[in-house]
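Here is a short report for a reader who is new to this structure. Please look through the sequence and the model before reading on.

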Amino acid sequence: MTLPSHAQIVVIGGGIIGASTAYHLARDHKADVMLLEQGKLTSGSTWHAAGLVGQLRSSASITRVLKYSVDLYKGLAAETGLETGWKMTGCLRLATNADRWTEYKRLATTAKSFGMEMHLISPEEVKRMWPLMDVSDLVGASWLPTDGQASPSDITQSLAKGARMHGANIHEGVSVTGFRMDGARITHVETDKGVIACEKVVNCAGQWARQVGAMAGINVPLQAVRHQYIVTEKVPGLSGDAPTLRDPDRRTYFKEEVGGLVMGGYEPNPQPLDTGDIPNDWQFHLFEDDYDHFEQHLVQAIARVPALEQVGVKQMINGPESFTPDGNFILGPAPECVNMFVGAGFNAFGIASGGGAGWVLADWVMKGEAPLDLWVVDIRRFSDMHRDRQWVSDRTCEAYGKHYTIGFPHEEYTSGRPRITSPLYERLKGHRAVFGSKLGWERPNWFAPEGVEARDIYSMGRQNWFSHVGEEHRHVREAVGIFDQSSFAKYEVTGRDAARALDYVCANDVTKAPGRLTYTQLLNSRGGIEADLTVARLAEDRFYLVTGTGFRTHDLAWISEHLPDADVAIRDITEDWGTLSLMGPKARGVLARVTGADVSNAAFPFGHVREIEIAGATVRALRITYVGELGWELHVPLAATGAVFDALMAAGASEGIRPVGYRAIESLRLEKGYRAWSSDITPNDTPFEAGLGWAVKMRRNADFIGRAALEAVAGQPLKKRLAAFTLDAPEAVLVGRETILRNGETVGYLTSGGYGYTVGKSIGYGYVRKADGVSDGYLTSGRYELVVANERFPAQVTLEPLYDPGTLRIRA
């Protein structure tokens with residue numbers, strides 16, 4: 001066999017993801033695409049997948065991706081002539097306790113928000129639909145009628161045939177052995193059958209994706225885990241169209257197959273493979289049956305479906321599946337290599353995701369940006385710490401073990417911690433901090449008063465920290481608090497052309513004089529918000545950028561990729577600087593006591609940056625806030641963070657200064673109407689829809705990324721607009737994704753939710769949608785309700801910030 005010597009795009013891996021990506025590249029983009037498979041199509045983990053297809057996820061975009069898969073599988077056979085085995089059996093999810101039932105009520109609300117059909121049904125109805133089941137312990141079940149099942153191998157062959165019909169080349173029995181690189185760019189793919197010159201590479205190598213990535217210097221944080229299921233002999237009385245079944249309280253799942261049942265589960269003590277490389281000849285590899293380990297699932301399955309006790313096992317499948325440290329799959333452009341894209345790590349829902357993942361990944365490869373808000377699966381959510389294979393294995397096993405546990409709001413992972421700590425970690429522990437973690441950093445979520453247990457106790461209602469966070473919140477509003485935000489990601493942009501280059505990447509005007517700082521968004525070509533951050537101009541040719549902890553890799557990659565070719569450089573300096581935010585009406589008095597600098601309003605106005613001395617250290621003081629009070633972000637050389645903290649604590653003793661946690665930041669920002677990227681503002685939303693048009697330099701005659709898209713819709717009515725909603729009902733707990741009703745009709749859903757302790761109400765933000773435009777009149781008239789866990793509550797809508805709408809306090 002002779003391989004062609006070049007292709008526009010090389011897709012590596014012929015499982016369902018690679019086949020789907022090649023199909024969409026060829027069908028939608030007419031790309032010159034070559035797919036390489038080291039064994040046969042479907043080898044790896046596709047051929048032994050169980051083939052359940054569910055659609056509802058907590059992200060609207062990912063739900064859309066999964067809905068697309070179902071639509072594709074329904075119609076694919078008509079196009080290719082090869083059946084996919086798709087059956088719309090519907091899916092039952094069982095609940096045996098009150099917390100699980102609340103979770104389902106919230107999920108049913110999410111489904112309604114995302115335009116999906118989901119019903120909550122009684123144990124009697126479950127028994128009618130699945131007569132072989134014991135329902136004596138059920139509270140009820142959720143029913144998704146449009147879910148189903150499919151044959152993974154058949155779908156893959158059908159997609160591959162479709163890809164060929166649209167002009168793709170598919171070669172089996174070709175192993176990729178390496179890449180030729182020009183700096184951070186792949187120029188050629190090396191294989192055991194020859195070398196292929198190409199423009200882009202898509203790594204869909206499944207459990208081998210980490211190894212393939214490593215050949216190009218990129219990190220794909222995957223861990224293969226042994227996942228077992230059984231296929232039984234025929235079960236008497238089992239209907240051929242029995243719904244698929246998920247029984248999370250018993251950690252098991254079932255689907256009908258040729259008269260028998262497929263049954264597997266997710267155990268709390270999974271068996272990872274070792275962290276070494278997976279042998280290349282494992283294309284159809286299975287492990288020995290391990291009934292000792294599987295027995296925990298068998299016991300639970302027989303309790304649920306007693307008929308299983310009398311039925312023989314036809315075969316047991318014990319195969320490797322790729323899982324990730326957070327249970328979400330991995331898509332997108334690798335930050336370390338300019339032309340390798342990844343589609344891998346599907347956590348045993350690759351069949352459900354395959355069709356849609358191939359669609360969005362093909363689009364991303366061709367256009368250089370994602371067609372939807374795919375942040376939850378973006379490879380740029382990881383960082384260098386994810387190169388630690390043992391850490392990835394431990395965290396992945398924890399995520400696998402949580403696959404079927406109840407998803408409590410605000411739940412934190414516990415493995416592999418503490419990983420990164422600020423210099424204040426021990427001091428904050430002494431103040432009884434309860435820590436969470438974000439991209440490896442330990443961060444104080446709240447502080448437990450003496451006599452209160454310093455740990456989170458999860459629940460579906462108000463959690464144990466609720467009133468204590470209220471006290472922290474009140475203290476910042478009335479006096480002064482200090483936040484350790486050292487985990488902020490920080491970059492330095494330098495060079496003769498730095499101002500011009502940043503002005504092109506940023507939507508706001510960042511070319512103000514040195515000493516000024518600017519809040520800005522970074523837009524994509526659709527005018528959607530790819531990031532939002534603070535830009536401080538330190539000198540003519542030097543800028544200091546500050547963004548959210550979790551966005552460190554993403555924002556750096558976005559800026560680096562979009563800086564024009566000029567005399568400009570960006571580098572990550574996150575670990576060089578600690579950050580202490582001093583916030584509250586008494587902040588100026590405290591700051592004045594520790595520095596000789598003039599911090600009066602006249603000398604140091606809002607939106608400015610100054611270098612000041614505190615405790616012998618030169619501190620970058622940024623007068624800005626995310627909590628809506630007078631205050632400064634003090635960026636301190638890392639080694640001096642402790643000394644500056646001690647000085648501030650001593651100076652503020654008479655004001656009762658105290659450390660405050662991230663949960664209070666959340667309630668403070670909700671009251672002030674500050675948007676959070678990845679929830680309230682995303683690549684799906686424009687600044688005008690988000691009410692952030694004031695931060696876009698449309699009046700200046702300067703080009704920037706996204707300008708053309710915004711100009712194209714200028715003057716047209718907005719199809720959606722972000723608004724604030726409040727609820728008086730104290731029992732309604734908002735967590736996001738609750739449905740917004742206007743005069744009884746669904747008009748949107750909440751992007752974030754929480755509680756405002758100053759206003760004394762639950763607060764949510766969400767986009768109100770209307771195809772022919774959302775006017776002020778439309779927004780403010782109408783009777784609003786929020787659906788919270790399937791219950792309706794009257795709500796008030798407002799366009800102004802709920803707290804200090806005139807921003808007098810932050811400019812004091």
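## Terms and basis

A salt bridge is a side-chain nitrogen of Lys or Arg within 4 Å of a carboxyl oxygen of Asp or Glu. Side chains of opposite charge can pair when their charged atoms come close.

This is a predicted model, in which local features need pLDDT of at least 70, side-chain atom pairs count only at pLDDT 80 or more, and totals for chains, interfaces and linings use all residues. Residues are numbered from 1 along each chain as its sequence is written, and side-chain values use heavy atoms, with hydrogens and water left out.

## Salt bridges

A search of the whole structure gives 53 salt bridges. One of them joins Asp249 and Arg100, at 2.8 Å from N to O. Asp249 lies in the loop between strand 13 (244-247) and strand 14 (252-257), and Arg100 lies in helix 3 (residues 98-113), so the pair ties together parts that are 149 residues apart in sequence. Helices (H or I, at least four residues) and strands (E, at least two) are DSSP runs, numbered from the N terminus. Arg100 is buried, with a relative accessible area of 4%. Asp249 counts as partly exposed, at 24% relative accessibility. Buried means under 20% relative accessible area, exposed means over 50%, and partly exposed is in between (1.4 Å probe, protein chains only).

Glu369 and Arg526 form another salt bridge, at 3.7 Å from N to O. Glu369 sits in the loop between helix 8 and helix 9 (389-401), and Arg526 in the loop between strand 24 (517-523) and strand 25 (529-539), so this pair ties together parts that are 157 residues apart in sequence. Glu369 is buried, with a relative accessible area of 11%. Arg526 is partly exposed, at 34%. Arg455 has a salt bridge with Glu453, and their closest N and O atoms are 2.6 Å apart. Both ends are partly exposed: Arg455 at 43% relative accessibility, and Glu453 at 47%. Salt bridges that share partners also make one network of Asp137, Asp247, Arg250 and Arg304.

## Aromatic pairs

How many aromatic pairs does the structure hold? There are 24. Rings of Phe, Tyr and Trp (its six-membered ring) pair if their centres lie within 6.5 Å; planes under 30 degrees apart count as stacked, over 60 as edge-to-face and the rest as tilted. Phe329 and Phe349 form an edge-to-face pair, with 5.9 Å centre to centre and 65° between the planes. This pair links distant parts of the chain, 20 residues apart. Phe329 is in the loop between strand 17 (313-323) and strand 18 (330-333), and Phe349 is in the loop between strand 19 (340-344) and helix 8 (350-367). Phe329 and Phe349 are both buried.

Tyr626 and Tyr674 are stacked, with 5.8 Å centre to centre and 15° between the planes. Tyr626 lies in the loop between strand 30 (617-622) and strand 31 (631-637), and Tyr674 in the loop between helix 16 (662-672) and helix 17 (707-713), so the pair ties together parts that are 48 residues apart in sequence. Tyr626 counts as partly exposed, at 35% relative accessibility. Elsewhere, Tyr253, Tyr266, Phe323, Tyr400 and Tyr404 make up one aromatic cluster.

## Charges over rings

A charge sits over a ring if NZ of Lys or CZ of Arg is within 6 Å of the ring centre and within 35 degrees of the ring normal. The charged end of Lys720 sits over the ring of Tyr767, 4.8 Å from its centre. The charged end of Lys770 sits over the ring of Tyr778, 4.9 Å from its centre.

Strand 34 (residues 739-742) is covered on both faces. Thr739 and Leu741 are buried on one side, Ile740 and Arg742 on the other. Two strands pair if DSSP finds at least two bridges between them. Strand 34 pairs with strand 35 (residues 745-756) in the antiparallel sense, over four bridges. Leu741 stands opposite Thr746 in strand 35. The hairpin of strand 34 and strand 35 has two residues between the strands, and Asn743 takes a positive phi near 50° there.

Strand 34 is also joined to strand 37 (residues 784-788) by four bridges, and the two run antiparallel. Here Thr739 has Val787 of strand 37 as its bridge partner.
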